Amino acid sequence: MIKIHIITVGKLKEKYLRDAVAEYTKRISAYAKIDVVEVNEYKCADNPSPAEIQQVLEKEGERIIAKIPRGSFVVPMCIEGVQKTSEEFSAEIEKIALSTSEITFIIGGSFGLSDEVKRLGRLKLSFSKMTFPHQLMRVILLEQVYRALSISNNAKYHK
């Protein structure tokens, strides 16, 4: 059974998002081991300079990298990543599972991910060219992981 890690910046404040994460985590556990690890956001001014934004990315990147399990297949979620259909995403997870027992998806904070974190990615993934709140992205990612695992297991969820 594959182990899926999701490393994300920040805590979910809204109950409806926490409930959605709990529901999809429960559903995924029928097919894979799953854990969601939150790293703290790095605080900065309300209107940060480019240098401050770079510092946030670097500090959050250090926190993320410290949580990546050794040997895990790393998948940063970033706008410059490849886009896949749900079926292609399912096939990609199946292919990754042939060579490793752990996949780590990474969701950055408000400013995205550091270049260092992106370089660790063996697959950079994007779900859209649009920008989503990073808190909502956690729910979207979990839903798509569940859908992908449902497809691989011939379950009825994916229509």
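Helices (H or I, at least four residues) and strands (E, at least two) are DSSP runs, numbered from the N terminus. With that in hand, hello everyone, and let's walk through this structure together. What you see is a predicted model, in which local features need pLDDT of at least 70 and side-chain atom pairs count only at pLDDT 80 or more, while totals for chains, interfaces and linings use all residues. Residues are numbered from 1 along each chain as its sequence is written, and side-chain values use heavy atoms, with hydrogens and water left out.

Let's start with the strands. Two strands count as paired if DSSP finds at least two bridges between them. Strand 1 runs parallel to strand 2, residues 33-39, and seven bridges join the two. Strand 4 in turn pairs with strand 3 in the parallel sense, over four bridges, and Val75 stands opposite Phe105 of strand 4.

How covered are these strands? I'll call a residue buried under 20% relative accessible area, exposed over 50%, and partly exposed in between, using a 1.4 Å probe and protein chains only. In strand 1, six of the seven residues are buried. In strand 4, five of the six residues are buried.

That brings us to the inside. In soluble globular proteins, nonpolar side chains tend to be buried together. By nonpolar core I mean a set of buried Ala, Val, Leu, Ile, Met, Phe, Trp, Tyr and Cys residues joined through side-chain atoms within 4.5 Å. The largest one here has 29 residues, and Ile4, Ile6, Ile28, Phe105 and Val145 have the most contacts inside it. At least two residues of this core come from each of strand 1 (3-9), helix 1 (15-28), strand 3 (73-82), helix 3 (86-99), strand 4 (102-107) and helix 5 (134-152). Which element gives the largest share of this core? That is helix 5, with eight residues.

Contact means heavy atoms within 4.5 Å, and, leaving aside residues up to four places away in sequence, Val145 touches Ile4, Ile28, Phe89 and Phe105. There is also a second, separate core of nine residues, which includes Val39, Ile68, Val74 and Val117.

Let's stay with helix 5 for a moment. Leu142 is found in this helix and is buried, with a relative accessible area of 0%. Not counting residues up to four places away in sequence, Leu142 touches Ile6, Val21, Tyr24, Thr25, Ile28 and Ile34. Leu142 and Ile34 are 108 residues apart in sequence, yet their C-alpha atoms are 9.8 Å apart in space.

His134 lies in helix 5 as well. Is His134 buried or exposed? His134 has a relative accessible area of 11%, so it counts as buried.

Arg147 is another helix 5 residue, and it is buried at 18% relative accessible area. From Arg147 to Ala30, 117 residues apart along the chain, the C-alpha separation is 12 Å.

On a 1 Å grid over the protein atoms alone, a pocket is an open set of points where a 1.4 Å probe fits, with protein on both sides within 12 Å along at least five of seven lines, and lining residues have an atom within 4 Å of a point. The largest pocket is lined by 22 residues, with Met77, Cys78, Ile79, Thr131 and Phe132 nearest its centre. Strand 3 gives the most to this lining, with four residues.

Two last stops. Asp19, in helix 1, is partly exposed at 40% relative accessibility. Finally, Asn154 sits in the segment after helix 5. Asn154 counts as exposed, because its relative accessibility is 71%. Asn154 also has a positive phi of about 55°, although it is not a glycine.
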